[in-house]
Amino acid sequence: MLRLITQNQTVTRSGFKQFLRLQSTISIPTTQKGVIFYENGGKLHYKDIPVPKPKPNEILIHVKYSGVCHTDLHAWKGDWPLPVKLPLVGGHEGAGVVVAKGENVTNFNIGDLAGIKWLNGSCMSCELCETGYESNCEHADLSGYTHDGSFQQYATADAVQAAQIPKGTNLAEVAPVLCAGITVYKAIKEANVRPGQWVCISGAAGGLGSLAVQYAKCMGLRVIGIDGGPGKQELFESLGGETFIDFTKYKDPKDMVKAIQEATHGGPHGVINVSVSDAAISLSTEYVRTCGTVVLVGLPAHSVVKSDVFSHVVKSINIKGSYVGNRADTREALDFFSRGLIKSPIKIVGLSELPKVYELMETGKILGRYVVDTSK
């Protein structure tokens with residue numbers, strides 16, 4: 001049973017009238033359009049599927065837009081060592097409106113704007129959850145991976161982890177922030193770089209990289225970006241990046257290392273690897289500054305980062321992984337967006353065109369972030 005008002009809530013007369021108006025205007029269908037697959041790498045079916053019903057701790061979100069992340073491609077292919085649920089509706093950057101909620105939910109009201117993140121829910125009782133590392137919880141439920149995600153018109157999310165989006169927010173533009181934005185913001189914090197220092201974004205013109213450039217600038221950092229292909233330098237510079245390295249112009253990786261170190265007067269203090277190239281990730285351990293930090297974010301399948309032990313020790317560099325942000329990181333990342341400091345370079349297409357987006361993603365032809373409109 002779904003209840004808008006819980007037993008322990010007091011409601012004013014005006015609030016109760018608003019509740020009645022909402023109840024009379026919000027109609028939830030029993031079926032919806034979504035993209036679902038039944039086997040890894042199998043056909044992506046755009047079809048009618050049932051509308052899920054929220055559990056007592058969940059909200060039901062009418063998803064208006066969803067960003068498309070490289071993780072969604074991995075979930076479809078099934079090439080990560082973490083098994084996905086099948087059949088599966090992918091997607092974990094969904095932005096929409098709360099249309100129903102379970103009886104235990106107190107932090108969302110019907111009509112609120114809400115976001116579906118990669119972390120759909122966690123146990124909230126283990127050591128990791130208690131210390132703010134709920135994304136590392138062994139019992140984490142992942143949107144578009146172990147929990148049907150945002151490539152459908154209606155989706156559920158644990159109310160504790162769902163993102164609270166301010167009223168009036170452009171839902172298409174905020175969608176990529178719900179994963180890409182939060183992830184790179186957390187990674188920059190993990191790099192322990194200070195204002196005025198250099199940070200390198202490897203994969204600077206992609207969905208994560210284009211947001212990382214902006215967050216880094218907002219945090220007072222000097223940004224050098226690495227990427228290659230038509231239009232990528234122009235996008236990087238339009239977002240405020242300072243120095244661009246086109247990796248396609250270097251036949252010898254050593255020459256690129258030299259160019260990066262010269263441009264940053266000794267190497268960047270931190271490197272954020274959002275690229276999905278093995279070679280790019282390993283090369284970052286060579287050009288990073290002495291005592292600098294290499295942060296691993298991108299997750300190419302079956303990959304290993306290689307670092308020369310002698311150089312690693314003598315330069316005293318740090319290599320660390322950074323997963324998605326927690327609830328505080330989410331609030332902070334969204335605040336940057338709400339204040340107009342972060343712009344999402346997006347292209348909107350219909351949800352039915354998701355297979356075409358995956359094709360572009362596989363060939364590295366995407367600038368910024370694709371966002372799907374669930375109504376098309």
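Phe 236 has a relative accessibility of 0% and therefore counts as buried, a label that applies under 20% relative accessible area, with exposed meaning over 50% and partly exposed the range in between (1.4 Å probe, protein chains only). The model in view is a predicted one, in which local features need pLDDT of at least 70 and side-chain atom pairs count only at pLDDT 80 or more, while totals for chains, interfaces and linings use all residues. Residues are numbered from 1 along each chain as its sequence is written, and side-chain values use heavy atoms, with hydrogens and water left out.

The aromatic pairs come to a count of 7, where rings of Phe, Tyr and Trp (its six-membered ring) pair if their centres lie within 6.5 Å, and planes under 30 degrees apart count as stacked, over 60 as edge-to-face and the rest as tilted. In one of them, the ring centres of Tyr 185 and Tyr 215 are 5.6 Å apart and the planes stand at 45°, so this pair is tilted. It joins distant parts of the chain, since Tyr 185 belongs to helix 5 (residues 180-190) and Tyr 215 to helix 6 (residues 207-218), 30 residues apart; helices (H or I, at least four residues) and strands (E, at least two) are DSSP runs, numbered from the N terminus. Both Tyr 185 and Tyr 215 are buried. Phe 236 forms another tilted pair with Phe 244, at 5.5 Å centre to centre and 50° between the planes, and Phe 244, with 13% relative accessibility, is likewise counted as buried. Trp 80, Trp 118 and Tyr 145 make up one aromatic cluster.

Charged groups also meet aromatic rings. The charged end of Lys 33 sits over the ring of Tyr 46, 5.6 Å from its centre, as judged by NZ of Lys or CZ of Arg being within 6 Å of the ring centre and within 35 degrees of the ring normal. Arg 339 lies over the face of Phe 336, at 5.3 Å from the ring centre.

Ser 122 is placed in the loop between strand 6 (119-121) and helix 3 (127-130), and its relative accessible area of 12% makes it buried. Leaving aside residues up to four places away in sequence, Ser 122 touches Cys 129, Glu 134, Cys 137, His 139, Ala 140 and Gln 161, contact meaning heavy atoms within 4.5 Å.

By contrast, Val 314, which is found in helix 10 (residues 309-314), is exposed, with a relative accessible area of 54%.
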